[in-house]
Protein chains: 2
Amino acid sequence: MYGLERKKIVGEDNVYDFSIGNPRSTTPQVATDTLKKLLDEDPVSLHAYSVAAGHDEVREQIADYISKTYDYPASPENIFVTTGAAEAIASVMCAIAVEGEEVIVIAPYFPEYSVWIKNALATPVEVMADPETFQIDVNAVKAAITDKTAAVIINSPCNPTGAIYSEQNIKDLSAVLNDADHKIYLVCDEPYRKINYGKAVPWVPKYYEHTIVCDSASKTLSMPGERIGHVFCNDKKAFDAISGSARALGHVCAPVLFQRMYGKCIDVQPDVSVYDTNRKLLTKMFDELGITYVDPQGAFYLWAKSPCEDFVQKCMDRDILVVPSDSFGIQGWFRIGYCVSTEMILNSMLAWKRVMANVNN
Amino acid sequence: MYGLERKKIVGEDNVYDFSIGNPRSTTPQVATDTLKKLLDEDPVSLHAYSVAAGHDEVREQIADYISKTYDYPASPENIFVTTGAAEAIASVMCAIAVEGEEVIVIAPYFPEYSVWIKNALATPVEVMADPETFQIDVNAVKAAITDKTAAVIINSPCNPTGAIYSEQNIKDLSAVLNDADHKIYLVCDEPYRKINYGKAVPWVPKYYEHTIVCDSASKTLSMPGERIGHVFCNDKKAFDAISGSARALGHVCAPVLFQRMYGKCIDVQPDVSVYDTNRKLLTKMFDELGITYVDPQGAFYLWAKSPCEDFVQKCMDRDILVVPSDSFGIQGWFRIGYCVSTEMILNSMLAWKRVMANVNN
């Protein structure tokens, strides 16, 4: 909002807005073509209700994709199509946690997690990531587990850090969860899975039995406003509970036109080249300016250490907008969204230099 | 589900399925054309997030329509675009009721109301409609009001009774609510507003200040699976609470392509001729068969008195599927959905006669 107001005053080109997380890579043409083609079908059938879990055909397409891509057995009965990852996670929280239970989140984390956990009458328990690598600090998770722990939520590639949790990190986490004396669900929020720069994103259900994966088309197909995604859950009891809680939250079915498109385009790979270009430009610039950051392995966020206490304000004074890390549950860092035009990054360089000159004086 | 199974066994044409509530009137061509035209816009902007309450332009179109149609002042700030009426009502319930409060529903009623009320940790309180006319029994509502009553939900035209609450009925209800010694919200669920057969549907905010209206495109545009609708609420505090509760329920924004179409098509009138034909056929047949029913004024449901105790089962024995009234909170009636083909009604006549012959012997 501040960004929009400021742009009105000083002009759009003079505000360097790195605060947003709207995908910039274009929506794949095949998605648009699929939507148009579907609109030629009989509209009454096309727009009719589907069952709550989604059209059978769509659930099958998603399950087939999972089976083939991760060499992991998935069936349509494991797929619940949702109105985006938000509804997915909100429903999963209500399904697996009851009043008074705890859900562990890895800080820094997407702030909505705590809204959805609290809506399930459960309590979010923050566990700091490793402060150097921003991988999961598995020992800290272990220390935070109590007899009230219902679940752990992880997000890889991570918003806001850009980290991808390594296979070893996931294995270590699984060992800790398996050691617990009751069942703990591992909820994987994976909207950025396909936005990565070469490092593999482990398919977590392979490593831990009680895994529930939430995914969406928002970033992959660059259509976050369309609200389409799915839950993968092969635990029948949890699946039925998700269905029940989704209903209570006002979910009838995921929007059916986008369901059908989503199923047909589930194997589409996004073009991450613009993000990759931006990522390289920014990390090179930060190297030159002496700003410390976490190696951005996925998503389109760069997580960097504030060189001084009022750094976010100093940036704002030069019309550079970034998100302070306290929005994500920790102090002393800031987030840059590099889902912006490459031109804006190039144009911002002088402003960044001035900010750093101010910091160093 | 039974219907689908049975159709597989005896053939689609031999099952007379009056149990469903899926619109049959075709989706207006203008809606399809609008969707296709929107898909020619720049996809990244088209599919981007909107703010939670919906695109400004869409909220303005809806507010303008309300102002013009009901001669009632509505502004975009009163409109919250939702993922269908279900999300609308679920969010409104969480917004206006707190744990331990009560929400009055007029039986027979849409069963999901109680799911959404309970999700808000409130208690549904059933008040029977007038047993002859199925208008609101205002004295019974008055008797049911306690200091814990947060809201009353009404649904006009009504699913399952087909009744439209008259202006006098709404005025009487308003008087009772105004007499209460605390603020009680009147939540109007109005997806069938435009599906009526000549009788006016009063615009309730004109009669009662604390009215919140929930509406959707599901029946009007024959696209229930697309999940698009809105809340009208001119109480700023309640509006902000709806925004907060929608967020907690996993709502980020209503699907944006359908938002845009919905705004542009908000003044489209549905073709109710197929429903009207079916309505006349069925009431004539029921008159001949001696089955008592409530005058169907709106929606596409006929609410009729069971001539005997096991009537629904007797229908089922002749492959006529209807919904027993206990699904809607009362005994001794059944619901027919006449959003079916006229041909099916004609074909079902012999089966109806046989059922009634069985009843009368």
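**Figure 1. Salt bridges between chain A and chain B.** In this predicted model, 4 salt bridges link chain A and chain B. One of the residues involved is Arg247(B), which pairs with Glu112(A). Their closest N and O atoms are 2.5 Å apart.

**Figure 2. Polar contacts and the elements of chain A that face chain B.** Between the two chains, 22 residue pairs are in polar contact, both residues having pLDDT 80 or more. Six helices of chain A each give two or more residues to the side that touches chain B: H2 (29–38), H3 (43–46), H5 (84–96), H6 (112–119), H9 (236–248) and H10 (256–264). H6(A) gives the most, with 4 residues. By residue type, this side of chain A divides into 26 nonpolar, 12 polar and 9 charged.

**Figure 3. Extent of the contact between chain A and chain B.** Chain A brings 47 residues to the contact, and chain B brings 47 residues. The area buried between the chains is about 3700 Å². Carbon and sulfur atoms give 59% of that area. In chain A, the residues that lose the most area to chain B are Leu39(A), His47(A) and Tyr49(A). Together they make up 16% of what that side buries.

Figure 4. The same surface serves both copies, as 100% of the contact residues of chain A recur in chain B.

**Figure 5. Surroundings of Ser222(B).** Ser222(B) sits in the loop between strand S7 (211–216) and strand S8 (229–233) of chain B. Its relative accessibility is 2%, so Ser222(B) counts as buried.

**Figure 6. Ser222(B) in detail.** A polar atom of the Ser222(B) side chain lies 2.5 Å from the backbone oxygen of Ser25(B). Thr146(B) is 76 residues from Ser222(B) along the chain. The C-alpha atoms of Ser222(B) and Thr146(B) are separated by 39 Å.

Key: Residues numbered from 1 in each chain as written. Chains lettered and ligands numbered in written order. Predicted model: local features only at pLDDT ≥ 70, side-chain atom pairs only at ≥ 80, totals over all residues. Heavy atoms only, no water. Contact = heavy atoms within 4.5 Å. Buried area = accessible area lost by both parts, 1.4 Å probe. Salt bridge = Lys/Arg side-chain N within 4 Å of Asp/Glu carboxyl O. Polar contact = N/O pair within 3.5 Å; in protein donor to acceptor, adjacent residues only side chain to side chain. Nonpolar A, V, L, I, M, F, W, Y, C, P; charged D, E, K, R; others polar. Buried < 20%, exposed > 50% of the residue type's maximum accessible area, 1.4 Å probe, protein only.
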